[in-house]
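This report goes through strand pairing, salt bridges and surface patches. The sequence and the structure come first.

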Amino acid sequence: MKQLAVWLLLCLPFIAYSNPNPDSEKIGTISGVVYDKNLQEPIPYVTVAIMDMEGQVITGGITDDNGQFEIKDIPTGKVKVDIQYIGYKNYVKEIEISRANRKVDLGRVDLEEDIESLDEVVVTAERTTIEQKLDRKVITVGKDLTTAGPTASDIMNNLPSVSVDQQTGAIALRGNQNVQVMVDGKLTNVPAAQLLRQIPSTSIEKIELITNPSAKYNPEGMSGIINIVLKKNALVGFNGDINVGLTYQRQAKFNTGVNLNYRNGKFNLYGSYGGNYSKNENFGNVFRPNDNSDQRFNFLDNNKSNLFKVGIDYYLNDKNTISFFTNQNLFDGGVDGTTDILFFDNPSLDQSQLFDNAIDNMSQQYNFNYKLDFAKEGHNVELEADYNDFESDEDANFRFRGNSTTADYMDFVDTERSRLTVNLDYTNPLSESMKLEAGLQARLFNTDIDYSSDGQTLNANGDLIDTPSTNFEYSRDIYSAYVSLGKNYEKWSWQLGARAETVEVRADTNSVRAFTNDYVQVYPSAFLTYTPSEKNQFQVSYSRRVDRPGVGQVNPIREWSTPLISSFGNTNLEPQFTNSIETNYTRNLEKGSITAGVFYRIIEDEINRALFIDRTDVNKVILTFDNFSNTTAYGFELSSNYRPTKWWNFNTSFDLFSQKQKGITEQIDSSIENPTADNIETNTVEVTNTAWNFRMINNFKVTKTVTFTAFGMYRGKNKNIQFDVDPMVMVNLGARVSLWDGQGTFSVNYNDIFNSMRFKFVGQNPYLQQGQFNWESNTVFVGLNYRFGGGKYRAKSRKRRDNDEKQGSGGIF
């Protein structure tokens, strides 16, 4: 039935050709209003088809927001009115149009729920689907994807053009880590790598990849936006689902989730809980041939994450809606690790660092929304206020053994971040084919980081002193306005927009002003779409974007440390700007669709890694960030979803990208026996990274209740400022069984069956080094999901907004 409804909507512009009697007078009009029989409320967007007595479609339409419809130009003679909506029984009525009976008012039509149809809809959620929209790809997360792992980080590698560094958690889109991650279209203060590991995969409804956003969206993120939409059930009555899952290789990883919803009359109440409790082993080594030494890493992460969401939509009347929701994210984690440094030619130099830390953090979000609809359909104004608060406490313990001159010490880092965002959006359809959008926004962000240590450090004179405490305060206030105008023609559509911003940035270290940056920028955008037929669509788009330095990139407090490398931010970082051009072609096939795209980016003042030799010990290095000169990036993408047979469907994607990168590195001549800081040479390194990736998810339906899944991924060889990285390959197999008349699902998945996922690399700067890192990827997952309740009525949709800063890469590399 769903396919029929979509087919009817697509065919409406061409239905005149299906009229079996073109000589009949088209004088008839049929009208009415469609209601939910149980709720006694009108149902919008219901399909109304007018057919001849042979079942051929003559004309049709859909109901408006008030459930009303009016179908004109109906030919004389007997016709059938077929009213249908997903989850409800069809309403069919025969009517005869004549000169004496030109206008027929069906009055109120009550639709009843169809339980069998609802079960049918649930089954479609078993597989992941990919839909190409005007400015984004929308991936609806099916059970074949959630079985890939317990967290959002685990399933990201299965998405087109997306990759996650399993060692650091850094996420990349089209090969670039300058991507913004948001949840439910809202800003978050949780670092992206940590956020992805805290969200249970079973709590995710869909993921949106926005590669070239319009002026309506905030302009941050060079490679685009990834929006994670959490589940919010919105069905009639009381309903929900419960799920549990267990993943295991060396350590157990348990996840669970509950989604509840009650909708009746003017209220829609919803709540959800997602829990993730996991231990993860990470291990690897870095070998330096010059001194025949090997660093060996062994880490055990022990994380507990609890995500709560509660919300209410209150429909005051047909024109006024008030909504409120809150997200509460509680995280308790820690890492136990050992770094051993072995000098094979001189074992007396061997040393070890034992490290353990404890992290407690809490992220709180409160969102209020008021929407006023005017008399004209689509004409509205919306006010939204969103407040996000993040608090984190970290206690890190460093202990040293062997030939180490460093005494044991502890670091203490307390972080507080707050963000207030207020939006006022206005939408006005100036005509049936033209729409105006405009809005104002204020974003006020502040962070306060306190660092203290009981250890000692070298001062500028080389003397050993108590490590000084540091307080770093960073604020960024952004005020912006946007306007966007779009128009549709028969086969063409365009949209032009611009966003203007004024930005004020302040950074203080120990109450001393360390950095200021005030600027005004305009970000234009343009979209042009040509649809010559139902099967073909072409699009070209342009946008200007910005990557503002993230807090981790400007924070002068040490982010992490090993015996040979430490990471710090750079308070003088300035934003980088990007001009992006993108073209896409979509071909709708009888059994699927295929989309191809090409993009090109010009990047100004690129932010990238800088690697320096530590002046206090030339055997150690410091990892930080800096701005570099302009550079370019380009690439090609191809994705498709297709159903060759009734029992087999697949989603596949291929992407190829190339980007120039510049960075600062330092070297010491290896022939010098006892080098000092005077022997350091500074070099600007430029690399061109060309890489390609391929992914494919296959679903095989064996019986009505049993489905098999096969996933394969190849990530091609690539390079960055530091390393040349070997290719990665992964193959997953899974099976799902539908239980209890479709209300339950049992899943089992075997991930990375060849145990081939590893980060293997070779580096030249500042020393020749090679190594690899491994993690628990060769895992088995078992899960159970149970759904209860019924009904079909969608609640208030929510706006999608993006984050506003660039993230650091995190981790060691």
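Buried means under 20% relative accessible area, exposed over 50%, and partly exposed in between, with a 1.4 Å probe and protein chains only. The model is predicted, so local features need pLDDT of at least 70 and side-chain atom pairs count only at pLDDT 80 or more, while totals for chains, interfaces and linings use all residues. Residues are numbered from 1 along each chain as its sequence is written, and side-chain values use heavy atoms, with hydrogens and water left out.

**Salt bridges**

A salt bridge is a side-chain nitrogen of Lys or Arg within 4 Å of a carboxyl oxygen of Asp or Glu. The structure has 13 of them.

| Pair | Closest N to O | Relative accessible area |
|---|---|---|
| Glu 776 and Lys 253 | 3.1 Å | Glu 776 10%, Lys 253 4% |
| Arg 544 and Glu 604 | 3.4 Å | Arg 544 13%, Glu 604 22% |

Strands here are DSSP runs of E with at least two residues, and helices are runs of H or I with at least four, numbered from the N terminus. Glu 776 and Lys 253 form a salt bridge with the closest N and O atoms 3.1 Å apart. Glu 776 sits in the loop between β46 (769-775) and β47 (780-788) and Lys 253 in strand β17 (residues 252-264), so this pair ties together parts that are 523 residues apart in sequence. Glu 776 is buried, and Lys 253 is buried as well.

Arg 544 and Glu 604 form another salt bridge. This pair also links distant parts of the chain, with Arg 544 in strand β30 (residues 536-547) and Glu 604 in strand β34 (residues 592-604), 60 residues apart. Arg 544 is buried, whereas Glu 604 is partly exposed.

Two strands pair if DSSP finds at least two bridges between them. Strand β43 (residues 728-739) pairs with strand β40 (residues 706-715) in the antiparallel sense, over 10 bridges. In this pairing Met 713 is opposite Met 730 in β43. Strand β43 is also joined to strand β44 (residues 744-750), by 7 bridges and again antiparallel. Here Leu 733 stands opposite Tyr 750 in β44. The hairpin of β43 and β44 has 4 residues between the strands, and Trp 740 in this hairpin takes a positive phi near 55°.

**Nonpolar patch**

Patches are made of residues with over 30% relative accessible area and no salt bridge; like charges are joined within 9 Å, and nonpolar side chains (Val, Leu, Ile, Met, Phe, Trp, Tyr) within 5 Å. Accessible areas come from the Shrake-Rupley method with a 1.4 Å probe, and for residues only the protein chains shown count as cover.

A nonpolar surface patch of about 960 Å² includes Leu 733, Trp 740 and Tyr 750, and among its other members are Val 244, Phe 254 and Phe 746. Strands β16 (237-248), β44 and β47 each supply at least two of its residues. The greatest contribution, 4 residues, comes from β47. Leu 733 lies in strand β43 and is partly exposed, at 41% relative accessibility.

**Negative patch**

For charge, Lys and Arg count as positive and Asp and Glu as negative, with His and the chain ends not counted. The place of a charge is NZ of Lys, CZ of Arg, CG of Asp or CD of Glu.

A surface patch of negative charge gathers Asp 332, Asp 360, Glu 391, Asp 393, Asp 395, Asp 414, Glu 416, Asp 450 and Glu 473. The elements that give two or more residues to this patch are β22 (380-402) and β23 (409-429). Strand β22 has the largest share, 3 residues. Asp 360 belongs to strand β21 (residues 351-373) and is partly exposed, with a relative accessible area of 42%.

**Two C-alpha distances**

Lys 304, in strand β19 (residues 293-315), is partly exposed at 35%. Trp 647, in the loop between β37 (631-645) and β38 (648-668), is partly exposed at 47% relative accessibility. The C-alpha atoms of Trp 647 and Asn 699 are 7.9 Å apart, and the two residues are 52 residues apart along the chain.
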